[in-house]
Amino acid sequence: MTQSRQSQVSLSDTPYYHCISRCVRRAYLCGEDKYTGKSFEHRRQWVVERMHYLASVFNIDICAYAIMSNHYHLVLHIDEALNENLSHEEVCERWCLLYSKPILVERWQSEQTISEAENKAALAIIEGWRGRLADISWFMRCLNEFIARKANKEDECSGRFWEGRFKSQALLDEDALLTCMAYVDLNPVRAKMSVSIETSEYTSAYERIHGVAQQQEKPLEYTFTKKPLFGFVGDESQDNAENNIQGLPFSLLDYIELVDWSGRIIREDKRGAISNQRPRLLSMLGLDNDTWLSLASSFGKDYHGAVGSLEALAAYASNTGKRWIASKNQLRLH
């Protein structure tokens with residue numbers, strides 16, 4: 001049975017979620033249609049630019065992404081603390097970058113409301129916007145609706161572009177987060193679209209390695225200060241904790257080393273070039289090579305609403321009002 005998105009998001013358990021959207025039937029998000037020979041490669045940039053724009057508006061960070069030919073993956077982090085600390089004016093400023101402003105809110109901003117009831121009504125609207133700025137459903141809606149309208153206009157057609165509502169997985173612990181991010185960044189390598197993560201354009205690994213996302217000659221219709229990908233705190237986690245700095249609980253160099261090592265093993269034609277040196281993150285996780293490669297290769301084959309250890313899954317089920325959580329991705333890494 002389909003579950004409401006609200007019942008699948010539990011910020012008390014995790015701020016990290018893996019989201020997937022897929023095109024309907026043979027519709028092409030990107031790449032080249034083998035039947036018509038038409039290229040849709042430029043649409044990858046639409047997704048990259050739009051998701052970075054939305055990340056700068058929402059209190060949601062992008063941890064990892066991969067834009068494939070007919071679907072895309074995102075790993076998102078919800079910054080609940082930042083969202084709660086925004087002033088009413090800041091909430092208005094952000095939300096109205098996406099949608100028009102009601103007259104009542106305009107009057108509240110210009111101090112032209114005539115009663116306490118109007119003030120309360122305006123603040124209720126703004127508080128509703130605050131909730132949306134930390135809501136992955138609204139983030140994905142603003143992304144998918146924009147891409148669908150743009151693609152339909154280009155294709156001179158109407159109707160459904162996406163297969164259905166996006167899928168989401170709660171990543172309940174650091175092990176699940178790392179495995180999912182690696183799985184996402186390795187998508188082009190597994191699909192034989194790229195031979196290495198250094199050449200896997202339109203992925204977060206490519207953006208982190210090269211310092212920038214893939215660029216397009218013609219800018220899109222909006223300009224903005226791009227919010228960077230969610231950073232790694234890694235070895236500096238103690239200092240960052242004292243300074244209240246959030247980030248992914250790994251070292252960027254360790255992560256890139258692990259993903260690169262995994263990608264060269266997954267590529268059968270690259271086996272002879274594999275280094276015998278074991279990535280440091282595998283030792284930290286207590287994983288043997290074969291177990292990690294199995295996780296990184298098959299993470300997304302069986303979709304389930306949450307991924308984590310048995311203990312984390314039990315807590316998540318309790319906090320979301322479920323008796324149990326079905327998951328083949330029960331990570332027992334230590």
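Strand β1, which spans residues 16-22, is largely enclosed by the rest of the structure in this predicted model, because 6 of its 7 residues are buried. Two strands pair with β1. Strand β3, formed by residues 71-78, runs antiparallel to β1 and is joined to it by 7 bridges; within this pairing, Tyr16 has His77 as its bridge partner. Strand β4, formed by residues 167-171, also pairs with β1 in the antiparallel sense, here over 4 bridges, and Gln169 of β4 is the bridge partner of His18.

The chain as a whole contains 14 helices and 5 strands. Of its 334 residues, 51% count as buried. The accessible surface comes to about 16,900 Å², and carbon and sulfur atoms account for 48% of that area. When contacts between residues at least 6 apart in sequence are considered, 67% of them join residues at least 24 apart.

In soluble globular proteins, nonpolar side chains tend to be buried together. In the present model, the largest nonpolar core comprises 55 residues, and those with the most contacts inside it are Leu29, Phe58, Ile67, Leu74 and Ile147. Helix α6, covering residues 136-155, gives the most to this core, contributing 10 residues.

An α-helix has 3.6 residues a turn, so residues three or four places apart point the same way.

Side chains of opposite charge can pair when their charged atoms come close. The structure holds 8 salt bridges. One of these joins Glu41 to Arg44, with the closest N and O atoms 2.7 Å apart. Glu41 is partly exposed, at a relative accessible area of 32%, whereas Arg44 is buried, at 5%.

A further salt bridge is formed between the side chains of Glu154 and Arg43, with an N to O distance of 2.7 Å. Because Glu154 lies in helix α6 and Arg43 in helix α1, this pair ties together parts that are 111 residues apart in sequence. Glu154 counts as partly exposed, with 31% relative accessibility, while Arg43 is buried, with a relative accessible area of 0%. Both residues also belong to a network of salt bridges that links Arg43, Glu154 and Asp155.

Arg280 and Asp254 likewise meet through their side chains in a salt bridge, at 2.5 Å from N to O. This pair links distant parts of the chain, with Arg280 in helix α12 (residues 280-285) and Asp254 in helix α11 (residues 252-266), 26 residues apart. Arg280 is partly exposed, with a relative accessible area of 39%, and Asp254 counts as buried, at 9% relative accessibility.

Definitions and conventions. Residues numbered from 1 in each chain as written. Predicted model: local features only at pLDDT ≥ 70, side-chain atom pairs only at ≥ 80, totals over all residues. Heavy atoms only, no water. Buried < 20%, exposed > 50% of the residue type's maximum accessible area, 1.4 Å probe, protein only. Pairing = 2+ DSSP bridges. Core = buried A, V, L, I, M, F, W, Y, C linked by side-chain atoms within 4.5 Å. Contact = heavy atoms within 4.5 Å. Areas by Shrake-Rupley, 256 points an atom, 1.4 Å probe, with all protein chains shown as cover. Salt bridge = Lys/Arg side-chain N within 4 Å of Asp/Glu carboxyl O.
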